[in-house]
Amino acid sequence: MFGWRHISRGVRVLIDRKAADREIADEVESFLEQATAAWMERGLNPEEARRAARLEMGSPTAVREQVREYGWENSIDTLFADLRHAMRRLTRTPSFTAATVLTVALGIGATTAIFSAVAGVLLKPLPYPHADRLVALVHTAPGIGIKEMNMAPSLYFTYSEESRAFQAVSLWEIDSWTVTDLAEPERVPGISVSPEFLQTLGVPVALGRGFTSADGIPGGERVIILSDSFWKARFGGDRSVLGRQVRLGGSGFTVIGVLPAAFRFMDQPISLVAPLRFNRAEVPLFQFCCQGFGRLKPGITLVDANADVARMLPIAAAKFPMNSGLSRTLFEDARIAPRLRPMKDVLVGSVRSTLWVLMATVGILLAIACANVANLMLVRADARRQELATRAALGAGAWRIARELLLESVLISCAGGALGAAIAAGAVRWFTASAALHVPRMEEISINPALLVFAACLSLATGLLFGLAPVHRYARLSFSMELRSGGRFLTGSGARLRARGILVSAQVALALVLLVGSGLMIRTALALHRVDPGFSSAADVQTVRISIPSTQVKDPESVTRMEEEIQRKIEAIPGVSKAAMVSWLPMDGSSSDPVYAEDWSPQGGTPPIRRFKFISPGYVPAIGSRLIAGRDLTWADLYNRAPVALISENLAREFWRSPEAAIGKHVRPGPTTAWRQVIGVIADLRDDGIDRPAPAIVYWPLLLKFGSSDTGNRNVAYVVRTSRAGSTALTQEIRQAVAAVNASLPLADVKTLQSVYERSLARTSFTLMLLAIAGGMALILGVVGIYGTISFSVAQRTREVGIRLALGSPPSEVTAMFVRQGLAEACAGLACGLAAAFALTRLMESVLYGVSPGDPATYLAASAALVAAAALASYLPAHRATRINPVEALRAE
Amino acid sequence: MNAESPKNEANTDLIQGTLDMLILKTLSLEPMHGFGIARRIEQISRGVFKINPGSLLTAFQRLERMGWLDAEWRETDNSRRAKFYSLTRAGKKQLEIETAGWNRRASAIARLLREEA
């Protein structure tokens, strides 16, 4: 029954309290007048009547007050009064207020910022309808030693035709094209997909039409869909773009549609989407070229889908012929099995554990900040205990006092929360712009209203949390004792000290967790920096990628000759010492295929799948690697199609036990192709990332005969060694060098090798930085906490110290007494902290490298650092105690 | 309320909730100002109920906010200004509800007391 009038009247009173009071006063006065008139009717004279009426009514002020107290607005009024009080008290102690607000702000800011990343990357569903039903079609093939295998067109056709679990399945692969009919040739990124790609995602085109199954058949008209940004940049958002021809790598493509502006897919840069085209009749069984995903039918679980795929795999083997040249039993021997995973998991990948570690870190930091502020609030309440006791004695209820204390802490936490939200907004802008964290879905991280609500709830919760400490002590205390003690510290203060001691111990415990965490990250970073990545002085290596379309240069040899000519032109640029080509840069994509060795027969008869790279002569010195044995490639090897190859050191050891023994042995990429002699062994390359083991690699010449015909590499990366790497002038000169040979070849993917290296370490660096900052802050807060309690304890026991000194206790004994107290608090915290760290660092396992989560040295170092800091923090105030003059101390209180 | 009981003579406080009903009842006859209502209740109850002005004026605030009363400043018969209260439609309904409730309770108590005796 709390109706509209209740609200409107209340609000009216709140707006103009004076008018409301006047109205009440008027009514009371009028009541009195009427009563007076009534008495006069009974025959009293006006004066007597007035007196009688007043006697009957009692004090008009009391009546007014009674009426005035009615209404919800009064509790708001008292709340505001309390708020004003709290505010005034806080502004009277600006340094305390600033310190606590800042502490809370840092805690909330860091937590909100990291939570924004967790929310945007881990929690938010992918931007498609019913995205939880999208699964990545991942397989495993233990028979040929492949943990994670992608998709083959044969499986795509099988799953499309035979599936019971999927509504639709689709293939995709990363692709790029050279747009040639525009003023400056440009390399644009995109994806090639099977025709039902958009339907499977559930995303309609913004303009035009999507692909139809006819678009996926070779021989028909070639069509393309544009991304919104490409459409706007290249066609000015012109709606008549549909039906226009675009020349990509020399062939004409018809524009049939435009994607919505918000379209995102697997964190890929996408300007164009083209259909993959397969001739169903010619698709071989074993061609794992692409990525695949499917949309599950409603109600189908991942387990059902895995079972469905397992059922369909033998059907595929029966439907499609084995590739020519591959063993007929390869499919069975590979023991392919489904390992379907939610699309989001595949996209988010390994960043999940990093984000949770970061979240735990800032959570602990926030808890430490809370403990610290709670301690400060206790000190503050201690100073007010006389006032609080007096008020309680005068009848202030426990709730009223609790509310006042809580209001103060909530004010601090809300100010801290507001500042924290600002810090978080800044931090989010910084780490999305700087790519320091380098996570997928980065553009989906933002400070949105939901996050502000998160920050607000966090502020309130923290405020209540650290506000409860003083409330617990003061709202329901026996106040008579406080009053009697007259401000002196009597025995009752032990409890007060204990509360603060517990808070300090908690801070030390949490600080230890963070210190151990940062210690482990430091050891990880050191271990990673000691790793030889397989290249050197990466900051002096500039890389660019070019692609020569078949419409411009037909045969592979001419392609290679043009590429060599460009290499020579680049080498002629001033300051360039070496240049070379490679099909895939380190840590930048790869392709793997089976390798056969002449005198090495694998178990089970299936050849091991190893990484392939194609290189030009001079690649090894250009990238800064080493030849372990043998010789480098020559241009003559290339043009003579000499049957040679180079291999990585670990492959040499795997096959022939030592690099030297590998020289002169033979390898080949298929069971029937010609043998190729191993002429050199190259140092291992950390091709999957610095923190991953180096894969075994075969380096083939850039131009070679794999079967009967020449194989060249039209798409190569140039590795340019020069101290000018990274400068725009150099890029410009490289562009001119390329243009001097062929003016229609755009540069793509311009970057330094250092950026590739740093990207591989980015997550570790970021985690390390955040943990180190948090650990440092935790250490400082912990030390300040210990210093505070010991100082307090010294001040409190001045009298006792005075007596001890007067009775002849040596000063060192007194100092030791206080230091022992400080160390006891620290050690209690340490014990809990070690247990907590031991449990929590398990979380870090996957972000560590070269060190175990239980590394004793790290634990020892962190504990020692904390104990030393605690000893110092308690020695300083303890030492002051010895300078107490016994006479003054005894007189002091 | 037993008017004859000497023990209740001094007890002029109203049973919780009855003041609202009495105000509504009084106003169901005609709009009235605060003192008028107080005097009417005292007169009709033959002095059993003495109305505390503070409680009465607070009750007006409450009833007005509940939407059962409307208030308006007007001239009185003796040409003074006073705040006149009148019953709203919702107030009439409320009076019916409260009267019915009261009668039910009163007769129940009466039955119990008869039983006892």
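These legends walk you through several close-up views of a predicted model.

**View 1. Chain B, from one end of its sequence to the other.** Welcome to chain B, which holds 4 helices and 3 strands. Among the chain B contacts with a separation of 6 or more, 48% join residues 24 or more positions apart.

**View 2. The open sheet of chain B.** Here the 3 strands of chain B lie in the order S1-S3-S2, with antiparallel pairing. Strand S1 (32-33) and strand S2 (69-75) of chain B are the edge strands, each pairing on one side only. Look next at S2(B) and strand S3 (residues 81-87) of chain B, an antiparallel pair with 7 bridges. To find your place in S3(B), look for Phe84(B), which has Glu72(B) standing opposite.

**View 3. A helix on the sheet.** Helix H1 (residues 18-27) of chain B packs on the sheet and touches S1, S2 and S3 of chain B. The direction of this helix makes about 95 degrees with that of S3(B).

**View 4. Where chain A meets chain B.** In this view, 21 residues of chain A are in contact with 18 residues of chain B. On the chain A side, helix H1 (4-15), helix H2 (17-41) and helix H4 (60-68) of chain A are the elements that give two or more residues. H2(A) gives the most, with 9 residues. Sorted by class, the side of chain A that touches chain B has 11 nonpolar, 6 polar and 4 charged residues.

Conventions:
Residues numbered from 1 in each chain as written. Chains lettered and ligands numbered in written order. Predicted model: local features only at pLDDT ≥ 70, side-chain atom pairs only at ≥ 80, totals over all residues. Contact = placed C-beta atoms within 7 Å. Nonpolar A, V, L, I, M, F, W, Y, C, P; charged D, E, K, R; others polar. Pairing = 2+ DSSP bridges. Axes fitted to C-alpha atoms, helices over the stretch in contact; angles between N-to-C directions.
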